[in-house]
Amino acid sequence: MSSLLAGCGVFVPPPLQSPPPVAEAPVPPPPPEPAGRIIFAGLAMHSQAKAFRNDIELAEKWVRDIDPNALLVKLANPTRDQVSDWPQVTAENFALVMAKTAEVAQPRDRVLLFISTHGNPGLLQINAAGKHLQPLTTRMLSDALAPLKNVPTLVVLSACYSGAFIEPLEAPNRVVLTSTDVRRTSFNCRYPGNHTPFAEALFGQADAGSRSATDWMEEAQKTITAQEKRRKLSPSRPRLFVGEDAKAWADRPLGLWLQAPPGP
């Protein structure tokens, strides 16, 4: 019996092996941040001069040259001999446009609000078909812009006494340009030409995209001063405000506005 056992091999089971590790699914990269765009809201608020709607069209062309993908919103109260293909400007429509702008604005977007109209101290007039409607006050404009406090925003006001809006609109990530100081009119509130002088001096600059916002305004101020001296008019003294955070993009060429760092 022992001899038989001696000739028999003893079966030794192979060692147990751990199963191969299961490969973990790769973590997908975060989606790319949407490219920035300019959101342009232009309002021609007074129906008694064709210059106001023309101003918005001039600014629209300026925006398109900088950003072909810009999101454009245009409202106008045109004169009788102008087309009425844009929504009407009312205080309610203005508030709606600004609320929608704040809703759709993405992290890298920039906002340009441009208003062209007649003004009184602390008021931007709204006139449709020759009838005065509820004007915009400094408080109304400030409240409408409040949701955009973190969005780089450029506000341009072409209206008499528009300098009164500077202080109420001051915000860190905002630049405000006005055609006058607090107590002055712009060219005696008379705009018989195709544009208001301030809008033309700004948006009519052929090389504006290569200038910073501050240089852009400085050039417009020089143009306005020269025109006023030539026509022997009282100086309107256009005003400029640059917020502390806005300096990061206000000192860059306007054509590179979209490449500037996003807001905080």
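Predicted model: local features only at pLDDT ≥ 70, side-chain atom pairs only at ≥ 80, totals over all residues.

**Helix packing, sheets and loops**

Q: How do the axes of α3 and α4 sit, in distance and angle?
A: The axes of α3 (residues 91–104) and α4 (residues 138–145) come within 9 Å and cross at roughly 25 degrees. Helices (H or I, at least four residues) and strands (E, at least two) are DSSP runs numbered from the N terminus. Axes are lines fitted to C-alpha atoms, for helices over the stretch in contact, with angles from 0 to 180 degrees between N-to-C directions. α3 and α4 are therefore roughly parallel to each other (under 35 degrees; over 145 is roughly antiparallel, 65 to 115 roughly perpendicular, the rest oblique).

Q: Which residues meet between α3 and α4?
A: From α3 you have A91, F94 and M98, and they meet M140, L141, A144 and L145 of α4; contact here is heavy atoms within 4.5 Å. The residues of that contact split into 7 nonpolar, no polar and no charged. Nonpolar covers Ala, Val, Leu, Ile, Met, Phe, Trp, Tyr, Cys and Pro, charged is Asp, Glu, Lys and Arg, and the others, Gly among them, are polar.

Q: Switching to sheets. What is the strand order of the 6-stranded one?
A: The order is β2-β1-β3-β7-β8-β9, an open sheet with mixed pairing; two strands pair if DSSP finds at least two bridges between them. β2 (71–76) and β9 are the edge strands, each with a single partner, so one side of each has no neighbour in the sheet. From one strand to the next, the twist averages 5 degrees.

Q: How many bridges join β1 to β3?
A: 7 bridges, with β1 (residues 38–44) and β3 (residues 110–116) running parallel. For a landmark, look at I39, which stands opposite V111 in β3. On the helix side, α7 packs on this sheet, touching β7, β8 and β9, and its direction makes about 175 degrees with that of β9.

Q: And β8, is that strand buried or exposed?
A: Buried: 5 of the 5 residues of β8 (residues 174–178) are, so the strand is largely enclosed by the rest of the structure. Buried means under 20% relative accessible area, exposed over 50%, partly exposed in between (1.4 Å probe, protein chains only). Both faces of β8 are covered, with R174, V176 and T178 on one side and V175 and L177 on the other.

Q: How does β8 pair with β7 and β9?
A: With β7 (residues 153–158), β8 pairs in the parallel sense over 5 bridges, and L157 stands opposite T178 there. With β9 (residues 239–242), the pairing is antiparallel over 4 bridges, where L177 has L240 as its bridge partner.

Q: What about the sheet with 3 strands?
A: That one is open too, ordered β4-β5-β6, with antiparallel pairing. β4 (119–120) and β6 stand at its edges with a single partner strand each, so one side of each lacks a neighbour in the sheet. α4 shows up again here, packing on the sheet and touching β5 and β6, at about 60 degrees to the direction of β6. β4 and β5 share 2 bridges, and G119 stands opposite L124 in β5.

Q: Which non-glycine residues have a positive phi?
A: A129 is one of them, with phi of about 55 degrees, in the loop between β5 (123–128) and β6 (131–137). At 70% relative accessibility, A129 counts as exposed. C189 is another, with phi near 60 degrees, in the loop between β8 and α6 (197–203). At 25%, C189 counts as partly exposed.

Q: Last one: where's Q205, and what does it touch?
A: Q205 is in the loop between α6 and α7 (213–231), and is buried at 11% relative accessible area. Leaving out residues up to four places away in sequence, Q205 touches E200, R211, W216, E219 and A220. Q205 and A220 are 15 residues apart in sequence and 8.2 Å apart in space, C-alpha to C-alpha.

Terms used
Residues numbered from 1 in each chain as written. Heavy atoms only, no water.
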